[in-house]
Structure formats: C-alpha cells, structure tokens
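Hi,

Here is the structure I promised to pass on. Have a look at it first, and my notes follow below.

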Amino acid sequence: RGLLAKADVLIQNFRPGVIERLGLDFEAVRKINPRLVYASISGYGEEGPWVKRPGQDLLAQARSGVMWLNGDEDQGPVPFGLAIADMLAGSAAAQGILAALVRRGVTGTGSHVETSLLEALVDFQFEVLTTHLNDGRRLPRRSAFRSAHAYLSAPYGVYPAKDGYLAIAMTPIPKLADLLELEELAPYRDQPSTWFTARDEIKAIIAQCIATKMIDEWLAILEPADIWCAKVLTWPEMMASEGFQVLDMLQTVTREDDVSILTTRSPLRVDGVRAKVGRAAPRIGEHSAKIRKEFGL
C-alpha cells in the first residue's frame, strides 16, 4: 500500500474476484491514491458465465470464433500459431493506460482501464465480424484450396513453385491469366463474381502453372507488371535479406550473470531513431531492495 500511494500505474490480471479478496481492487486502491491509473486484464470480462473459466490464449481463441478464419475449409477450426489474445489484450491495455495518463494530466485523477482476452480478439476481428453482421449473418467460408482469407476471392493465396512458395495477393484474373498464359482461366475472365464463387477451381489452375517455374522466374514476370506477389520466406531467409537488415531490428542484451541473448528491437522509430536496450531483463527480485528504499517501505 505504501508503494501504491506513490505509483503511477497498477496492472493486474487475476481472475475476477481474486484482487478483491486481496483488498487491492480499484475502489480500495483509489482511496489510497486517487491519481493512480489502474489496469485490469481478464479472460472474458467481469461478469457472465465464463468469468471463472481459465483466461488462457488457446481457450480464448476457441471462444472468439477466430479459429474459423484460418486454414482450409475442410480442416475445421485452426488456431493461430502465436498467443495473439495475450499480445492483443496487452497492447489494448497499454493504449488504455497511456490514454488514462494523458487524461490524468488534464483532470488530475486516475482511471480504471479494463479489457480481456475475448474483447481483444473480438476487436481484432472487427472487419470480418462487421461483414458478418451486415451481410445476412452468413458464416465465413474458407477456400478449400490453399485458403489465405475467408472473405477474399482468387487468386489470393500461397502457391508452391519449384523451389519454394509464392504469395499472390489481390489481382484481376484477366491480367493474371495473360501473364501466366493460362487459357484455362478463359471461362472466368469476364465474370468477376466467379473469382469468389469458383475460387477453388481458379486457384487450382493457377497452382498447376506456378509449380512449373522457379520463384525468381515468376517474380521476373509478375513484379514488372505490378502484380502484388512475394516469395514466402523462412526466418533465416528473412533475416538474411537486405530488406530486413536495413531495418536493424536485432540487438544483443546481456546481464552480469553471463546471460547473453540475441533478440528483436522495438518496432517503433521516433524521429528516425529506434530504441535500443543493452541489458537483459532483471532477475526476479533484483530491484526489490532499491524500490523499497526509494518508496520508504
């Protein structure tokens, strides 16, 4: 409580009810420090039937509907390969905290910022959910062949070439058919509606063609024609590329106990400068004594 009296921000992600039992809920803490910005991250909000359920990323993805946007149509629900609910909820909370700090600078009082894994995932899907809500509430239907987006037509997808994979984004079928010299696409050229309704058939035709050449051969044909395409890179390929290296996104952080970790840097540049940190994360409790001394605890 002595620390809270002087703190600017408190962040807690206990299950609803736990922080109240500890006597550190927002109303209690506000009495100690009315200027404090208090942030709460839960699994599913503060009320409803899921409140007591584990707020874990995979489970939040399962309840959010997001799994039905990944993979091919016959694969069933496919989770993202990253903890997107954790990341997005943390990002949303950080934005809320910053906004509350700005408001505190105007009003002099703190705020209670709340979000959850589920709310962050719903917001993440705002574009496709808005389409669903205003388009007869039809469920997303993924392509059955090399799906990349449930709501986009052919040729949007990733295609195997002789030496890897080529991603092709939004492109008019007639233009692509001419560049690929694909007469098989003739039935679809002048019927844009079929680019979605027959996207599986169209993509299968394109895939057979892409498989006949090397990626660089296709890029030499497609890029000069302003076709949106790219080689699908592995991590080593990406990090070896000039496009990545010019961003200077890697740094080594160290610590006095011989810890040395090569890791990424901030994705933000301010006035052309990217923040760089040389020291690894502190050991648990490393700064406890210093904090106690600073706050007179």
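Which residues does Ala225 touch, not counting residues up to four places away in sequence? Ala225 touches Lys175 and Leu179, where contact means heavy atoms within 4.5 Å. Ala225 has its place in the loop between helix H10 (215-222) and strand S6 (229-231). (Helices, H or I of at least four residues, and strands, E of at least two, are DSSP runs numbered from the N terminus.) Asn70 is 155 residues from Ala225 along the chain, and 30 Å separate their C-alpha atoms.

Before you go further: this is a predicted model, in which local features need pLDDT of at least 70 and side-chain atom pairs count only at pLDDT 80 or more, while totals for chains, interfaces and linings use all residues. Residues are numbered from 1 along each chain as its sequence is written, and side-chain values use heavy atoms, with hydrogens and water left out.

On domains, the assignment for the protein chain gives domain 1 (4-135), domain 2 (157-232) and domain 3 (243-295); such bounds come from an automatic or database domain assignment. The centres of domain 1 and domain 2, taken over C-alpha atoms, are 41 Å apart.

Now the sheet. Three strands form an open sheet with parallel pairing, in the order S1-S2-S3 (two strands pair if DSSP finds at least two bridges between them). Strand S1 (9-12) and strand S3 (112-116) are the edge strands, each pairing on one side only. From one strand to the next, the twist averages 15°. S1 and strand S2 (residues 37-42) run parallel and are joined by four bridges; Val9 has Val37 as its bridge partner in S2.

Two helices go with that sheet. Helix H4 (residues 84-107) lies across S1, S2 and S3, and runs at about 165° to S3. (Angles run from 0 to 180 degrees between N-to-C directions, and axes are lines fitted to C-alpha atoms, for helices over the stretch in contact.) H5 packs on the sheet too, touching S2 and S3, with its direction at about 70° to that of S3.

Lastly, helix H3 (residues 57-64) packs with helix H5 (residues 117-124) at an angle of about 50°, their axes being 9 Å apart. That makes H3 oblique to H5, as angles under 35 degrees count as roughly parallel, over 145 as roughly antiparallel, 65 to 115 as roughly perpendicular and the rest as oblique. Asp57, Ala60, Gln61, Arg63 and Ser64 of H3 make the contact with Leu117, Leu118 and Leu121 of H5.

Cheers
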